[in-house]
Amino acid sequence: MGPPHVQEVPAVTTTPQAVRRASPRTRRPATPAAPDPSEGLLPKSEPVRLLSPDGTPLPARDDYPEPPVEALREMYRRMVVGRRFDVQATALTKQGRLAVYPSSRGQEACQVGGVLALRDTDWVFPTYRESMALTARGIDPVEVLTLLRGDWHCGYDPTAVHTVPQCTPLATQCVHAAGLAYGESYQGRDTVALAFIGDGATSEGDFHEGVNFAAVFKAPVVYFVQNNKYAISVPLSRQTAAPSLAYKGVGYGVPSEQVDGNDPVAVLAVLTRAVEHARAGRGPYLVEAHTYRMEPHTNADDQTRYRDAEEVEAWRDRDPIARLEAYLRNRGVLDDAAVAAIAEEAEAYAAALRDRMNAQPEVDPLSLFDHVYAEPTPQLVEQREQVRAELAATRAEEGDA
């Protein structure tokens, strides 16, 4: 039997174009885009603002709900008292009662908002400019000014008020805040540390070391940068080329935000969220407040050498106290009587401070030798005895007279 008959089929030659015409178009599934590593870290492109400069409320926003009106009224009270304290402290330098005083006038929203966002059990790490913040926290104003008076200690008990001594070296408190916050978290406490920072401090190594450590170990710390446009006489343009200082957080994996630092409502709203973020165990948060220092760097500074009067005057229209007062009046929770009562309270506060600071403090010259060494050296003991003998001789001469 022969092989089965196989019908030959002529070969068909097709071109690539013919294949594309004959075959339905097929699509490969799209490759999912890689997640953006900066998602949730970058600040808003514009500072968060809830009030216009004249106190008119701006549209509400879901990401930063407005704080309770009672908190805003208390914020206004503390800002008014704080400004009067600041003015009085500046006057005390001219009277020789303080060696130096760095004013924070114009930064009241930041100073008061920073402490109002915290619990009493949280810790504050201030710079030398945070005297107003410390009085807003309830610390005795004379104790706050003790260090600036020239004493050898900060005047208050840091452990009692959960506030470390005011820091004169730039940015060193950034590392301290990260360490304390991590230690508190390690021991199971929900404590938050808030470190006040100036714009100039972001150029220091300690700032970057502190933020990096806090990010790696998820320390519950809020870094609050008050960008008042000048590091003494150095303008911000000579400090950084970044779009804003808030962008410095993304390099360390730290979520950041920028806020209008002269908008009290926005400052408290943003800081409240930042503190909640840290307290929830989600790590550090960086907030940059855009504000302005109305007075010289300190009473020893000549601001006319690096900025003109027109610039300073332009910022007067952004006064944070006037801004909040206008808003609260429109809400019907502040009237002439209440404003007058708060102003009277502020005057009484300043008068009491003035009287107490004008009283000559009792000092013991022999205290100069205390706390120099754990065990006094022979030379120190000899010097102490020399001073003791001189004091005794002086008292004897005054007695004979």
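Predicted model: local features only at pLDDT ≥ 70, side-chain atom pairs only at ≥ 80, totals over all residues.
Within α7, the buried residues include Q173, C174, A177, A178, A181 and E184. These residues sit on the same side of α7, because the arc they cover around the axis is only 140 degrees. As for what sits over the buried residues of α7, the cover includes the strands β1 (123-125), β2 (193-198) and β3 (221-227), along with helix α8 (205-216). After α7 comes G188, with a positive phi near 85 degrees.

Moving to helix α2 (residues 69-94), this is where A89 is found. A89 has a relative accessible area of 0%, so it counts as buried, the cut-off being under 20%. Neighbours within four places in sequence aside, A89 touches L98, Y101 and L145. L145 is 56 residues from A89 along the chain, yet their C-alpha atoms are separated by 8.2 Å.

S104, for its part, lies in the loop between α2 and α3 (108-116). With a relative accessibility of 0%, S104 is buried too. Again leaving out neighbours within four places in sequence, S104 is in contact with D86, Q111, R129 and M132.

On the annotation side, an unreviewed UniProt entry places the feature "domain: Dehydrogenase E1 component" at residues 77-352. In the model, that span is 46% helix and 11% strand, and its end C-alpha atoms lie 18 Å apart.

Note on methods:
Residues numbered from 1 in each chain as written. Heavy atoms only, no water. Helix = DSSP H or I, 4+ residues; strand = E, 2+ residues; numbered from the N terminus. Buried < 20%, exposed > 50% of the residue type's maximum accessible area, 1.4 Å probe, protein only. Contact = heavy atoms within 4.5 Å. UniProt positions renumbered as here; feature names shortened; annotations may be inferred. Arc of directions from axis to C-beta.
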